[in-house]
Amino acid sequence: MKLSALTAPEIARLAPGAIAVLPVAAVEQHGPHLPVTTDTDLVTALAHAAEQALADRVILCPALPYGSSHHHSSFAGTLSVNPELFTRLVLDLVRSLESSGFRRIVILNGHGGNITPVRQALSILAQAPVAEVALATYWELAAAAFAGLPPLESPALSHACEYETSMMLTLDATRVRMDRAARANRPPANNYIGWEDDAPYRGVSLVRRTEFLSGNGASGEPHKATREKGAHLLSAATTALIEFLNDFASWPPMEDLRNA
């Protein structure tokens with residue numbers, strides 16, 4: 001069910017037995033070939049597919065299209081919320097859902113820059129828990145499909161890359177400018193930093209704004225994208241999300257174990 005289709009009394013009646021799914025994403029540059037709403041488009045499509053499959057137990061909230069994207073702000077089209085404010089925004093939205101009666105809430109994330117501020121919100125919520133609140137980032141749920149295995153050729157999802165470009169080709173190829181898709185100028189390689197997708201993560205991070213990491217705002221090998229690869233990724237992500245939501249629905253409430 002979609003929250004937008006329900007009245008307040010219906011939500012109050014259904015909320016205690018349902019999972020609220022709140023998609024969060026971003027509006028930000030995605031190189032010279034993808035629309036700025038790519039992250040929102042992808043996570044919204046996955047959320048809708050899961051809601052359709054689990055209409056009896058999922059209530060889907062409207063997607064929050066704006067995320068923490070200040071690192072992309074040197075490129076036009078990026079509409080960003082600073083991390084501290086994004087944390088507060090997630091807190092307020094979760095508490096609103098709790099006030100409506102929801103006791104199981106999933107924040108479904110479609111943008112890497114949101115992960116840290118959402119985790120910060122969860123750490124604050126954990127001080128006085130009301131509902132079971134989980135953060136689920138779709139490419140981490142479906143990690144096996146997003147780890148460089150065939151049919152994909154790049155080692156991992158990054159940004160406006162082979163993965164995102166392929167999925168957007170599957171969703172709406174008319175909005176993808178494949179004639180502009182090309183590998184960007186990147187920093188020199190080293191033994192520890194993979195610059196998002198050039199090498200496996202080895203436990204070392206170096207944070208820089210996007211213009212220091214990419215000459216055109218994209219990462220990876222977007223020119224290798226195909227609709228077939230996108231269909232594979234979207235199918236895997238949808239399956240993983242549905243499996244998680246089904247499992248999450250059965251988790252017992254967490255309890256203080258000191259008196260167990």
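In strand β3, Ile107 is the bridge partner of Leu22. The two strands involved are β1 (residues 19-24) and β3 (residues 104-109), which pair in the parallel sense over 5 bridges. Here, strands count as paired if DSSP finds at least two bridges between them. Strands (E, at least two residues) and helices (H or I, at least four) are DSSP runs, numbered from the N terminus.

A word on the model: it is predicted, so local features need pLDDT of at least 70 and side-chain atom pairs count only at pLDDT 80 or more, while totals for chains, interfaces and linings use all residues. Residues are numbered from 1 along each chain as its sequence is written, and side-chain values use heavy atoms, leaving out hydrogens and water.

## The whole sheet

Step back and you'll find an open sheet of 4 strands, ordered β2-β1-β3-β4 with parallel pairing. Its edge strands, β2 (58-60) and β4 (132-137), each pair on one side only. From one strand to the next, the twist averages 25°. Angles run from 0 to 180 degrees between N-to-C directions, with axes fitted as lines to C-alpha atoms, for helices over the stretch in contact.

## Helices on the sheet

Helix α7 (residues 227-248) packs on the sheet and touches β1, β2, β3 and β4 (contact means heavy atoms within 4.5 Å); its direction makes about 160° with that of β3. Helix α4 (residues 115-125) lies across β3 and β4, running at about 170° to β4.

## Cysteines

With a disulfide defined as a pair of cysteine sulfur atoms within 2.5 Å, the count comes to 0. Cys61 is buried at 7% relative accessible area, and Cys161 is buried at 1%; buried means under 20% (1.4 Å probe, protein chains only).

Key: Buried means under 20% relative accessible area, exposed over 50%, partly exposed in between (1.4 Å probe, protein chains only).
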